[in-house]
2 protein chains.
Amino acid sequence: MGAVRLTTPLSERLALEVPIFQAPMASVTTPALAAAVSNAGGLGALGCAYMQPDVMRRDVAALRGLTRRPFQINFFVAPQPDPVPAAAQREAIDALARYYRELRLAPPEPAVAPYAPDLDAQLEAALELRPAVVTCHLNELPAERVAALHAAGIVVGGSATCVAEAKRLEESGMDFVIAQGGEAGGHRGSWMRDPQTALTGTLALVRLLVRRLDVPVVAAGGIMDGAGIAAVLALGAQAAQLGTAFIPCPESAATEVYRAALVDAAEDETSLTDKFSGKPARGLRNRYMRETAQGDFPRLPFPAQNQLTAKLRTASAQGGSPEFMALWAGQAVALSRRLPAGELVRELERETLETINRLEQRCVTSTPQRRHGT
Amino acid sequence: MGAVRLTTPLSERLALEVPIFQAPMASVTTPALAAAVSNAGGLGALGCAYMQPDVMRRDVAALRGLTRRPFQINFFVAPQPDPVPAAAQREAIDALARYYRELRLAPPEPAVAPYAPDLDAQLEAALELRPAVVTCHLNELPAERVAALHAAGIVVGGSATCVAEAKRLEESGMDFVIAQGGEAGGHRGSWMRDPQTALTGTLALVRLLVRRLDVPVVAAGGIMDGAGIAAVLALGAQAAQLGTAFIPCPESAATEVYRAALVDAAEDETSLTDKFSGKPARGLRNRYMRETAQGDFPRLPFPAQNQLTAKLRTASAQGGSPEFMALWAGQAVALSRRLPAGELVRELERETLETINRLEQRCVTSTPQRRHGT
């Protein structure tokens, strides 16, 4: 007699033992984190958005040294902005100068193009590395790219924040769609609507996508425990993707200042900001976010702004202050806990089963007479 | 052998046969709607926010002629703004003039104070009418008011959009808290934070409140079918409150233009606007919402602005156009359906039980070997 476990068609297809995806958070994931999640039966992930192919190869090799289980790698699909001449960066640099001064740093150098790794080169590396799953964020992937990944035996997904985006992903041939609800931390994946205003909550979005799509839906945003996982499974999602929940794990690359800010949060103290990277992302409100939200604070386009704020973020973390760091976090951040990633996955699984069991107990057999009228 | 039904401690306390609340939508509820929901075993509701005590008495009497089951009545708790002198209303009136002209109406008269019924008089009427449940929206109720309602045998609840607000309601002695998630249609209940930016999604908010409060939580926002109800029960909510889902019911007071706009919505086409009433509320985007979102469109404080827009909204509906109406709707509006309210409650119950059944089937007994490592 074996243990009870959770299955969905998608988790079966990916040979997972539990329908839990670790979100592929750029700069936070590590081979150790992904391996711990995959070894516990979930889908570990590497956020490769900012990685050159060499770094991808190194990290995937390290990950494969730690697990033989499936894992996900993720890319940002965002058009490179035209290079911004140094003179045209003056305003954005000057706006940051007082923060750099406050941390006793020289003002930032102008950002240098290219601002992000070449997506084609990243995708070529993915074809060669053959992870079980490749996902994209911030936009769709051309159908021929999806087909090439399929030809390499890779399962492909992408994230959507509305029905229209999800339909585009489905039409491109993707195997599943990640419903990124408004609760989610980090960069908003919206590309067909204004990410600052059209934030559809996870509950509404997951249900809309499940009802409108033929491919499986993975739910993301605000899920921190087994009750949240059971909830999205009830909505028809075939897996839950958790980001914030995995950041305090000892295997993540998060600084201690970041971890502490997450586990100390008392409730939803998050907002969107586009002043760290150039694109709206959800994080814990700190001084930088509050002050740069005022007026028309100048910034470079995504992802060039990342370069301008890099040293500020690093110095803030090194100085032990959360005030100038990008503290990406979802709206349920106050439910954060510090557990090793494998233990967390097992605990999430246990809680989910317990929640389903509790739900069953809400169903009782009543006496025959019911339905009153007058 | 009786039928299977859903119970929670709160639904038992209120003698409901199913843990479904109809939201007390001001101007949309009717005695017929509330009675149909209550007779089907849920908690029907009258939105009394804009009702003078006389109208409350009339509607409650009509409702009691249609059901002997429990129901809810709801009030807005918002301080009356100081009367705005007619001259100071010029700008807000002029801003609306072109819309009035377009509908061949004379420009609106200045709003006349008092702008809303007297809350004390409404609460006195509630004490006399003794509905099973009284809830408040937009702010907390003083503890002595809650105690007075309790003394009359009334169960009391209030709505919160964050943990801090929910704690205040709990401390005032309320019996339950309605978690109004960001998905919810109509007026945002926030009073301790900025309702325009701090929109915590239903999934995150419900779970946060369930984990942080001792009193039961009722979930609201984005719930349109049994999958949504099962999801919030999984999160630990003891009832689901649905608003948008009940608007297309033939028993509601909604105009046909409003109903058609809801059932025709293809996805989340909602936004927040404060240009109809003076307070941010979620509704289907139409021309009025889009155009008045630009720049600093002048408006009167809540609820005085309601008076300035009243004739515009009425004429728009009468002319068969949704473009100048307040089409309050939640983010899952695209799942709207036209069913009589009693049938809808029974269908929601059936779907919820079916969802829980499907969730159980996600749990399988596996073979003993599991948990891979390397």
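Modeller: Chain A has 13 helices and 13 strands, and keep in mind that this is a predicted model. Its radius of gyration is 21 Å, close to the 21 Å that the globule rule gives for 374 residues, so chain A is as compact as a globular protein of that length. Along the principal axes, its C-alpha atoms fill a box of roughly 75 × 55 × 40 Å. Of the 374 residues in chain A, 58% are buried. If you take the contacts in chain A with a separation of 6 or more, 68% of them link residues 24 or more positions apart.

Now for the place you asked about.

Let's start with the strands. β13 of chain A, residues 363–365, pairs with β1(B) in the antiparallel sense, over three bridges. Look for Val364(A) there: Arg5(B), in β1(B), is what stands opposite.

Next, a helix. Ala231(A) sits in α9 of chain A, which runs over residues 226–234. Why does Ala231(A) count as buried? The cut-off is 20 or more other C-beta atoms within 10 Å, and Ala231(A) has 37 such neighbours, so buried it is. Once you set aside the neighbours within four places in sequence, the contacts of Ala231(A) are Leu203(B), Ala231(B), Ala234(B) and Leu235(B).

One more helix of chain A is worth a look while you're here. α12 of chain A covers residues 304–318; at 1.5 Å a residue its 15 residues should span 21 Å, and the end C-alpha atoms are 23 Å apart, which agrees. Even so, α12(A) has a bend of about 45° at Ala310(A). Its buried residues include Ala304(A), Leu308(A), Leu312(A) and Ser316(A). A handy rule for reading such a list is that an α-helix has 3.6 residues a turn, so residues three or four places apart point the same way. Part of the cover over the buried residues of α12(A) comes from α4 of chain A. Just after α12(A) you'll find Gly320(A), with a positive phi of about 80°.

Note on methods
Residues numbered from 1 in each chain as written. Chains lettered and ligands numbered in written order. Predicted model: local features only at pLDDT ≥ 70, side-chain atom pairs only at ≥ 80, totals over all residues. Pairing = 2+ DSSP bridges. Helix = DSSP H or I, 4+ residues; strand = E, 2+ residues; numbered from the N terminus. Buried ≥ 20, exposed ≤ 12 C-beta atoms within 10 Å, placed from the backbone. Contact = placed C-beta atoms within 7 Å. Expected span 1.5 Å × (residues − 1). Bend = angle between axes of the 7 residues up to and from the residue. Rg over C-alpha atoms; globule rule 2.2 N^0.38 Å.
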